[in-house]
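Dear colleague,

Please find below the structure that I am handing over to you. I would be grateful if you could look through it alongside the notes in this message.

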Amino acid sequence: MPAGRVDPQLNTHYFKQTKLTPESIKYPAIAMSCPFKHMQSSNANVATFTKLITFMQGSPDSAFLLDKEGKIIYRNKAAKLLFLTNVDNMNISSLFTFCNQSDNCWDELAKDFSTSKPSHYTASVEVDDNTSLKFLVNFVKLPSGMVGHLDDISEDPFACAYVIPAPSNESKHGLPHESELVNALTKGATDMHHKHMRDVVEASLDAMFSVFESGVIWMANGAAIKLFGYQNCELSGSNIADICQQAREEQKRLHDANDTSHKNLRATAVNRFGMEISVELSIRLMTSFDCTEEKVYFIHMKDLSLVEEHQAEIKHKDELCKAMINASFDPMFGIDQRGIIMVVNRAAVAMFGWTEEEFINQNISMICNAEDAKNHDSHLTRYVTTGMKRVIGKKRPLIARRKDGTNFPIELGVSEVILANGERMFCGFVRDTTQQRLDREKMRRQEAVIGEKFFDMSPDTMKKYPARYTTT
């Protein structure tokens, strides 16, 4: 080992298990490749730095953040596994011997660093048995606008080092060609972006599309394929207008208005077989996950067919129930446990003179005479509270009141209905007994005439024995 160098205690077992393969170059490595130039923009700030740290944390390969002096200020998990000892705050040039660098000087290394592309070096580390293990080290200079004041990092980062074991099929310079490395890094990053986007789209239980600004469909989830009857390959590359013209128009409107989202828009889509499908449309604008800032619209379509069928079924049952209620010859009222009228039929409207609209949401006491109106609510409250039945399931005579204020005799029958949610409702059936009273009165007068004429019964005698000569 050269004089002045420290023993980094390399984890040789981890080194042997780590291979440089296209599959091992994952999404975080994009920070070392040419696409890293996106971080040169004026937007480079703490948020961009946080994204870089996230990239590094997810990388399966060793990555180090360095300050201007070459001192290690942050390393990811893979870098911690590479060395058995704590190498924080150590100079990167004290860990590796860089080829073609006679004095292994950090300043000599750093002068060639660029923010637009990686600087490639071969390096070695000597282990206990005096053997040398080779590495590829790629340096990239970080944009000056990037600041690194995070919890574990107090210094501003100057460069990032990406370390991987040297492959067995090295080029004559000991390194893969730069274009091959960049392509491998970019491909790995792109694959990861696409997988992330796919996961987002597939997570929706309803039909969901990711659509470019031109309206071309990038991705469609399984729910969209099932709903519209297309194969995935048929949807990818087609225009969203072919499925839902309103979605395309709304997408254009969002673009023109510089808006980012629109929710709960009723629209009509068309499936592969030309059948119209009613959908609820939501659109949200996002930028691409691959740092290109390309606009991508997430279009969510909720199938309303089942909802509309259910609503139509409910409406049909409601109309059927209403028709049956209106078919009754006797007036009928449905009230809740507060005495509020919820249902009324046409016979009740005809009998009492109020319209259906005037009845609904009013207290049932509006058809009672003054005496009964005062006590009705208390009677209802007592029954709901105690459960003691005095009127429920029985018929009783009462005096009712019409809209014009006239009173007339009725017979009232009340039944209780328990709804599915446990709420109570009461159905009242009314019968006008005015004619019955008139008929009874007429019959009594006729009996009085017959008794006096044929049986010589005086009015005084009939008063003395009323039960013999009256009908109740």
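This is a predicted model: local features need pLDDT of at least 70, side-chain atom pairs count only at pLDDT 80 or more; totals for chains, interfaces and linings use all residues.

Six strands make up an open sheet, and they are arranged in the order β2-β1-β6-β5-β4-β3 with antiparallel pairing. The edges are taken by β2 (72-75) and β3 (97-98). Each of these two has a single partner strand, so one side of each is left without a neighbour in the sheet. Further in, β1 and β6 run antiparallel and are joined by five bridges. Within this part of the sheet, Leu-65 stands opposite Cys-160 of β6.

I turn next to the nonpolar cores. The largest one contains 27 residues, and Phe-64, Phe-96, Trp-106, Phe-113 and Phe-139 have the most contacts inside it. Two or more residues are supplied to this core by each of β1 (62-66), α3 (77-82), α4 (92-95), α5 (106-110), β4 (119-126), β5 (132-141) and β6 (159-165). The largest share comes from β5, which gives four residues. A second, separate core has 24 residues, including Val-211, Tyr-230, Ala-267 and Ile-283.

Leaving aside neighbours within four places in sequence, Trp-106 is in contact with Phe-113, Phe-139 and Phe-158, among others. Its contacts also include Asp-67, Lys-68 and Glu-69, as well as Asn-91, Ile-92 and Ser-93.

The largest pocket has a volume of about 620 Å³. Its lining consists of 28 residues, and those nearest the centre are His-376, Val-391, Arg-396, Leu-412 and Val-414. The elements that contribute two or more lining residues are β12 (332-336), α13 (370-386), β14 (395-401), β15 (407-418) and β16 (424-432). Of these, α13 provides the largest share, with seven residues. Sorted by class, the lining has 19 nonpolar, four polar and five charged residues.

Asn-89, in the loop between α3 and α4, has a phi near 70°, a positive value in a residue other than glycine. Asn-258 is likewise not a glycine, and has a positive phi of about 60°. Asn-258 is found in the loop that runs between α9 (245-257) and β9 (261-270). Asn-258 is exposed, with a relative accessible area of 67%, because the cut-off for that class is over 50%.

With kind regards

Note on methods
Residues are numbered from 1 along each chain as its sequence is written. Side-chain values use heavy atoms; hydrogens and water are left out. A nonpolar core is a set of buried Ala, Val, Leu, Ile, Met, Phe, Trp, Tyr and Cys residues joined through side-chain atoms within 4.5 Å. Buried means under 20% relative accessible area, exposed over 50%, partly exposed in between (1.4 Å probe, protein chains only). Contact means heavy atoms within 4.5 Å. On a 1 Å grid over the protein atoms alone, a cavity is a set of points where a 1.4 Å probe fits but cannot get out, and a pocket is an open set with protein on both sides within 12 Å along at least five of seven lines; lining residues have an atom within 4 Å of a point. Grid points are joined across faces, edges and corners, and a volume is the space filled by probe spheres set on the points. Ala, Val, Leu, Ile, Met, Phe, Trp, Tyr, Cys and Pro count as nonpolar, Asp, Glu, Lys and Arg as charged, and the others, Gly among them, as polar. Two strands pair if DSSP finds at least two bridges between them.
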